[in-house]
Amino acid sequence: MRLRRQGQTFEEIGEQLGVTRQRAHQIYWQTLREIPAQQVAEYRAEQAERLDELLRKAHEVLQRRHITVSNGQVVRLDGQPVEDDGPTLMAIKTILAIEERRAKLFGLDTPVKQQVEVDGGVRYEIVGVDLSQLQ
């Protein structure tokens, strides 16, 4: 738990413990299930704080103006620097990933109950076969 809170990956934790990445993941979740509710709340608060900081940094990148550089030179069109959308799109992708993680952390994305009705019949469709040839 301590190593994970420090931001280490399960692979790094596994190497330190002398186990596989998968086993480190199992140990982590097993330990997490055994933690009293108060500690879980503290863990969630720590994680939320980390996510908030990452979100602030991603928003900073999103707000910056990014220009295209090629071979060490600013790319220009009609004398004006050409904006590079790549960093902006990556910041948006990062923000979405952070928000998805936050939703999982706090259980915001609850499953949607769906009802499926079946009429009981099954229909087969044979493609590429001339049925008149089968008689």
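Asp-78 counts as exposed, at 76% relative accessibility; here buried means under 20% relative accessible area, exposed over 50%, and partly exposed in between, with a 1.4 Å probe and protein chains only. That's our way into this predicted model, where local features need pLDDT of at least 70, side-chain atom pairs count only at pLDDT 80 or more, and totals for chains, interfaces and linings use all residues. Residues are numbered from 1 along each chain as its sequence is written, and side-chain values use heavy atoms, with hydrogens and water left out.

**Two loop residues with positive phi**

- Asp-78 sits in the loop between β3 (76–77) and β4 (80–81). A quick word on those labels: helices (H or I, at least four residues) and strands (E, at least two) are DSSP runs, numbered from the N terminus.
- Asp-78 isn't a glycine, yet its phi is positive, at about 55 degrees.
- Asn-71 also has a positive phi, near 55 degrees, and it is a residue other than glycine.
- You'll find Asn-71 in the loop between β1 and β2 (73–74), and at 78% relative accessibility it counts as exposed.

- Ile-67, Val-69 and Val-74 make a nonpolar surface patch of about 210 Å². Patches are made of residues with over 30% relative accessible area and no salt bridge; like charges are joined within 9 Å, and nonpolar side chains (Val, Leu, Ile, Met, Phe, Trp, Tyr) within 5 Å.
- The areas themselves come from the Shrake-Rupley method with a 1.4 Å probe, and for residues only the protein chains shown count as cover.

**Salt bridges**

- Side chains of opposite charge can pair when their charged atoms come close. The rule used here asks for a side-chain nitrogen of Lys or Arg within 4 Å of a carboxyl oxygen of Asp or Glu, and the count comes to 7 salt bridges.
- One of them joins Lys-57 to Glu-53, with the closest N and O atoms 4.0 Å apart. Both residues lie in helix α4 (residues 37–63), 4 residues apart, about one turn of the helix.
- Lys-57 is partly exposed at 45% relative accessibility, and Glu-53 is partly exposed too, with a relative accessible area of 33%.
- Over in helix α5 (residues 86–106), Arg-102 and Glu-99 are 3 residues apart, again about one turn of the helix. Their side chains meet in a salt bridge at 3.7 Å, N to O.
- Arg-102 is buried, with a relative accessible area of 15%, whereas Glu-99 is partly exposed at 34%.
- Arg-102 and Glu-99 also belong to a network of salt bridges that brings in Asp-52.
- Lys-104 pairs with Glu-100, the closest N and O atoms being 3.6 Å apart. These two are about one helical turn from each other, because they are 4 residues apart in helix α5.
- Lys-104 counts as exposed at 58% relative accessibility, while Glu-100 is partly exposed at 44%.

**Aromatic rings**

- A pair of aromatic rings is described by the distance of the centres and the angle of the planes. Rings of Phe, Tyr and Trp (its six-membered ring) pair if their centres lie within 6.5 Å; planes under 30 degrees apart count as stacked, over 60 as edge-to-face and the rest as tilted.
- By that rule there are 2 aromatic pairs. Phe-10 and Tyr-28 form an edge-to-face pair, 5.3 Å centre to centre with 65 degrees between the planes.
- This pair links distant parts of the chain: Phe-10 is in helix α2 and Tyr-28 in helix α3 (residues 21–33), 18 residues apart.
- Phe-10 is buried at 13% relative accessible area, and so is Tyr-28 at 6%.
- Tyr-28 also forms an edge-to-face pair with Trp-29, 5.3 Å centre to centre and 85 degrees between the planes. Trp-29 is partly exposed, with a relative accessible area of 37%.
- Put together, the ring pairs link Phe-10, Tyr-28 and Trp-29 into a cluster.

**A buried glutamine in a loop**

- Gln-8 lies in the loop between α1 (2–5) and α2 (10–17), and at 15% relative accessibility it counts as buried.
- Leaving aside residues up to four places away in sequence, Gln-8 touches Leu-3, Ile-13 and Gln-16, where contact means heavy atoms within 4.5 Å.
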